[in-house]
Amino acid sequence: MGTALGPLKQIDAGVVNVGYVEAGLSGGPTVILLHGWPYDIHSYVDVIPLLTSAGYHVIVPYLRGYGTTTFLSNETFRNGQPSALALDAIALMDALRIDSAILAGFDWGARTADIVAALWPQRCRALVSVSGYLIGSQDANKKPLPPAAELQWWYQYYFATERGGLGYRQYTRDFNKLIWQLASPKWQFDDATFDRTAASFDNPDHVNIVIHNYRWRLGLAQGESQYDELEQRLAKGPVITVPTITLEGDANGAFHPPASAYAGKFSGKYEHRAIRGGIGHNLPQEAPQAFAQAILDVDRMSKE
């Protein structure tokens with residue numbers, strides 16, 4: 001298992017200064033790997049060498065509120081809206097002069113990749129998305145789920161309370177280790193693996209971004225008006241046209257829809273893969289070979 005990612009780089013992109021790892025030949029096809037909550041760029045520590053050895057140029061950024069990604073202005077609202085995160089990805093591509101890339105991710109990262117693929121398909125050559133189509137809306141989130149599914153979202157309701165916001169701030173690492181255990185019940189990670197990622201939660205904006213994200217989803221926190229038009233487009237559930245492979249682990253303890261529920265959202269070349277072997281929510285770190293292979297294969301699909 002890998003432990004090192006190489007030196008971090010920093011670049012101003014949109015409203016943030018992004019911390020990211022860059023690996024592989026700059027002339028190779030670019031892959032951007034996007035992490036989720038509560039994880040970080042180390043989810044891809046074993047995926048990166050598999051891709052660089054195949055000739056790819058790999059970019060792995062910290063999301064806003066994680067690691068060394070910081071806001072350029074103290075005045076900027078610490079916004080966790082999905083559209084804001086997607087615009088961060090576009091701004092990073094602009095700053096790095098990347099016209100188009102393969103986007104791949106899980107959790108928040110998969111949602112971000114899905115949004116870029118849906119709204120800016122010219123920027124996304126192909127897509128790998130764990131748990132499929134994760135684009136949603138505040139209206140959709142008003143609809144209740146069956147009790148067993150609601151139970152899996154327990155933390156969302158906790159975060160909706162003042163107590164939850166205070167609790168997450170006080171117990172960030174303990175909270176996130178519990179999420180790792182619940183979301184990947186068969187993943188036997190050690191303390192060193194968790195601690196390596198947990199350092200990214202020390203970002204001063206981390207708690208505010210996480211709490212805002214979940215409260216916004218439930219309509220309990222205001223967004224920013226400059227994102228209204230994008231959120232309205234996303235609320236319509238736009239179809240993704242770029243070549244896509246979706247993945248799902250066989251032991252994902254986090255809420256995830258069945259593949260049949262979202263297959264119709266992909267109108268281009270499409271394939272779904274069930275990854276077996278006790279694979280949980282953090283699929284790239286738990287099954288790096290399968291994740292990297294999906295990227296290689298979706299790239300081939302884009303050329304056929």
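In the predicted model, the mean positions of the 25 positive and 30 negative charges of the protein lie 4 Å apart. The accessible surface is about 12,700 Å². Carbon and sulfur atoms account for 53% of that surface.

The protein contains 13 helices and 9 strands. Its radius of gyration is 18 Å, close to the 19 Å given by the globule rule for 304 residues, so the protein is as compact as a globular protein of that length. The C-alpha trace spans about 50 × 40 × 40 Å along its principal axes. Of the 304 residues, 58% are buried. Among contacts between residues at least 6 apart in sequence, 78% join residues at least 24 apart.

Pro38 sits in the loop between β3 (30-34) and α1 (47-52). The peptide bond from Trp37 to Pro38 is cis, with omega near -5°. Arg97 lies in the loop between α2 (82-95) and β6 (101-105). Arg97 is not a glycine, yet its phi is positive, at about 55°. Its relative accessibility is 76%, over the 50% cut-off, so Arg97 counts as exposed. Asp107 occupies the loop between β6 and α3 (108-119). Asp107 also has a positive phi, near 55°, in a residue other than glycine. Asp107 has 13% relative accessibility, under the 20% cut-off, and therefore counts as buried.

Helix α13 covers residues 288-303. At 1.5 Å a residue, its 16 residues should span 22 Å; the end C-alpha atoms are 23 Å apart, which agrees. The buried residues of α13 are Pro288, Phe291, Ala292, Ala294, Ile295, Leu296, Asp297, Val298, Asp299 and Met301.

Note on methods:
Residues are numbered from 1 along each chain as its sequence is written. This is a predicted model: local features need pLDDT of at least 70, side-chain atom pairs count only at pLDDT 80 or more; totals for chains, interfaces and linings use all residues. Side-chain values use heavy atoms; hydrogens and water are left out. Helices (H or I, at least four residues) and strands (E, at least two) are DSSP runs, numbered from the N terminus. The expected span of a helix is 1.5 Å times one less than its number of residues. Buried means under 20% relative accessible area, exposed over 50%, partly exposed in between (1.4 Å probe, protein chains only). The radius of gyration is taken over C-alpha atoms; the globule rule is 2.2 Å times the number of residues to the power 0.38. Contact means heavy atoms within 4.5 Å. Accessible areas come from the Shrake-Rupley method with a 1.4 Å probe; for residues, only the protein chains shown count as cover. Lys and Arg count as positive and Asp and Glu as negative; His and the chain ends are not counted. The place of a charge is taken as NZ of Lys, CZ of Arg, CG of Asp or CD of Glu.
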